[in-house]
Amino acid sequence: MMLAMYVTHMLFELLAISYIFSNLAKKKMQYQLYPSLLILFAIIAGCNTPPQQEEAKVVALDTLSPNSTTTVQAETASRSMPPDTIVLPDHWPIDQGIVFESKYVSELCTNKWGCLYPVLYPLGWSEDGKFAYLLAPPNEAVNDYRLTFVIQDMTTNRLLVEQLFKASNAPDFREDHNYDFSNVWRTQQPQWEQLLNDHDIQKQVGTGFVKDHQYASNDTTFYVNITNEAAFDEMWGQSFLKRLTMEWVSKAEKKRIATHSFGRYDHVLAAQVIGFFRSPTDTHIAVLIGLEKRGYEGPPNVLALYLAGGAVE
């Protein structure tokens, strides 16, 4: 390619020289010599000037530092990744944490003391409807940080994995040590990452929370509805929920998805559908229900979270 360009330039140069001498022969040099010389010099300069674009590419590659080379390779790999490959943020999964405070639960925690609120960290989904998440309930009476790792089958609502980290049970527990998500995740990460891999969880897919009680599937709108059964407790002088039923309701049908019975000491005062997480394959949802529980020693109350879901038909 370069040889062909060089030969072409040389031909133009010879033609220009012939043109100049032709003018000299006709004794018209006084009028046409200067333009002819300008044409000649321009062609010669173009012929002798190296192709700037090609040279710049060579210089750029030759002068890259090792770090820069790594960056170029990483960017190339990223562009060639399949659509379902996710590049995790530097602070994953701590940046996934959602504090389910009052703005999420308009019907709960309405007393003047409010509630203590939990934090949920959605981790991802598997293609067959398993949802992974971490749940940190609020510390109520003591400084004893807890973090539960869960993988839940949203087809059956069965908990496939449930591992609780409790600071007071840690081998290196000290009362003056501040346990939080970062240092607990750092110690538990190898084990929990292995469990995510074992269950084919794709990290950070389907982790966007939808604050709603309805969703659309196959041109049909479904509503998540819960029914609560309560009973009066004479010892406490107030009513607590004993049973919760969750249903999907559409114009065509009503389908029971999950039921949950509360224990004697759960002391659940009220429940509300908060929203849901939807799987990236659009085949399952994980519905989040907020439970307002009586505080251990009275106000403030505690907001707990209950997850249930199903396959979207």
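Which residue in β7 does Trp-125 stand opposite? Trp-125 stands opposite Gln-202. Keep that pair in view as we move along strand β3. Remember one thing as you read: this is a predicted model.

Begin with confidence. The mean pLDDT of the protein chain is 78. Of its residues, 72% reach 70 or more. Strand β4, residues 130–136, has the highest mean pLDDT among the elements of the chain, at 98. Helix α4, residues 66–79, has the lowest, at 28.

Now go to strand β3, which spans residues 119–125. It is mostly covered: seven of its seven residues are buried. Look at its partners. Strand β1, residues 98–99, pairs with β3 in the antiparallel sense over two bridges. There, Val-99 has Val-119 as its bridge partner. β4 also pairs with β3 in the antiparallel sense, this time over six bridges. Val-119 turns up again here, opposite Ala-136 in β4. Strand β7, residues 202–203, runs antiparallel to β3 and is joined to it by two bridges.

Next come the aromatic rings. The count comes to 15 aromatic pairs. One of them joins Tyr-121 and Phe-181. Their centres are 4.0 Å apart, with 20° between the planes, and the pair is stacked. Why does this pair tie together parts that are 60 residues apart in sequence? Because Tyr-121 lies in strand β3 and Phe-181 in helix α5, residues 181–198. Tyr-121 has a relative accessible area of 7%, so it is buried. Phe-181 is at 5%, so it counts as buried too.

Compare the rings of Phe-222 and Trp-248. Their centres are 6.3 Å apart and their planes stand at 65°, so this pair is edge-to-face. Phe-222 lies in strand β10, residues 220–233, and Trp-248 in strand β11, residues 238–249, so the pair ties together parts 26 residues apart in sequence. Both Phe-222 and Trp-248 are buried.

Ring pairs can also build up into a group. Phe-100, Tyr-104, Trp-125, Phe-131, Tyr-133, Phe-209 and Phe-277 are linked by ring pairs into a cluster. Trp-125 is the residue we began with, opposite Gln-202.

Finish at His-284. It lies in strand β14, residues 284–293. Is His-284 buried or exposed? His-284 is buried, because its relative accessible area of 7% is under the 20% cut-off. Its side chain makes a polar contact of 2.8 Å with the side chain of Thr-283. Leaving aside neighbours within four places in sequence, His-284 is in contact with several residues, among them Trp-125, Gly-129 and Phe-277. Other contacts of His-284 include Asp-128, Met-154, Arg-278 and Val-312.

Definitions and conventions:
Residues numbered from 1 in each chain as written. Predicted model: local features only at pLDDT ≥ 70, side-chain atom pairs only at ≥ 80, totals over all residues. Heavy atoms only, no water. Helix = DSSP H or I, 4+ residues; strand = E, 2+ residues; numbered from the N terminus. Buried < 20%, exposed > 50% of the residue type's maximum accessible area, 1.4 Å probe, protein only. Polar contact = N/O pair within 3.5 Å; in protein donor to acceptor, adjacent residues only side chain to side chain. Contact = heavy atoms within 4.5 Å. pLDDT = per-residue confidence, 0-100. Pairing = 2+ DSSP bridges. Phe/Tyr/Trp six-rings, centres within 6.5 Å; stacked < 30°, edge-to-face > 60°.
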